[in-house]
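Dear colleague,

Please find below the structure for your review. My notes on it follow directly after.

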Amino acid sequence: VLARIWAPPRLFYMNTPSGVAIDLGCRYTLQVDSTGAGLLRVTMGWVAFEQKGKESFVPAGATCATRPGIGPGTPYFEDSSQQFQTALAELDFGDGTARERADALGSLLAQARKRDALTLWHLLARTSGAERAEVYERLAALVPPPAGVTREGILTGDARMRDLWW
């Protein structure tokens, strides 16, 4: 599906078996296979991709995979390294061991560039404990948190602080 939307934001949306793509003023492609797995590529503007309270904000130049039963993955820029993308797929959809997940997170954080703050910001809401602390440290090194955002607040999952950092 290719959508080019000239309507007010949130008026147009597309249901898939594993999430809803919501227009925020955009142009995008959305491919969904026979299993319900999909891939959203945004070429202009922004798309919100959500399911059951899990939400991804995807800007132009970024991609977001989705899987049935899991919902939208974490958005990433298409020019990120293949290692970064592979590690993110493991974090979002993998069923590996705790060690494999830790290795994937370590690889992703090592590969993260300032531009990948988009991905790291989303991961703050999708991780907890030591994982969230690692994501926080890398994101803070790339994009220092603004006034009113504390390490403790982010680590405890304060959505208001996370939104301030957006």
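Trp46, Phe57, Trp121 and Trp166 form one aromatic cluster. Rings of Phe, Tyr and Trp (its six-membered ring) are taken as a pair if their centres lie within 6.5 Å, with planes under 30 degrees apart counted as stacked, over 60 as edge-to-face and the rest as tilted. Under this rule there are four aromatic pairs. In one of these, the ring centres of Phe57 and Trp166 are 5.7 Å apart and the planes stand at 55°, so the pair is tilted. Phe57 belongs to strand E5 (residues 54–59) and Trp166 to the segment after helix H6 (159–165), 109 residues apart, so that distant parts of the chain are linked. Helices (H or I, at least four residues) and strands (E, at least two) are DSSP runs numbered from the N terminus.

Turning to the helices, the axes of H3 (residues 117–126) and H4 (residues 129–142) come within 9 Å and cross at roughly 150°; axes are lines fitted to C-alpha atoms, for helices over the stretch in contact, and angles run from 0 to 180 degrees between N-to-C directions. H3 and H4 are therefore roughly antiparallel, a term for angles over 145 degrees. Residues of H3, including Leu120 and Trp121, meet residues of H4, among them Val135 and Tyr136, where contact means heavy atoms within 4.5 Å.

The model is predicted: local features need pLDDT of at least 70 and side-chain atom pairs pLDDT 80 or more, whereas totals for chains, interfaces and linings use all residues. Residues are numbered from 1 along each chain as its sequence is written, and side-chain values use heavy atoms, with hydrogens and water left out.

Kind regards

Methods
Angles under 35 degrees count as roughly parallel, over 145 as roughly antiparallel, 65 to 115 as roughly perpendicular and the rest as oblique.
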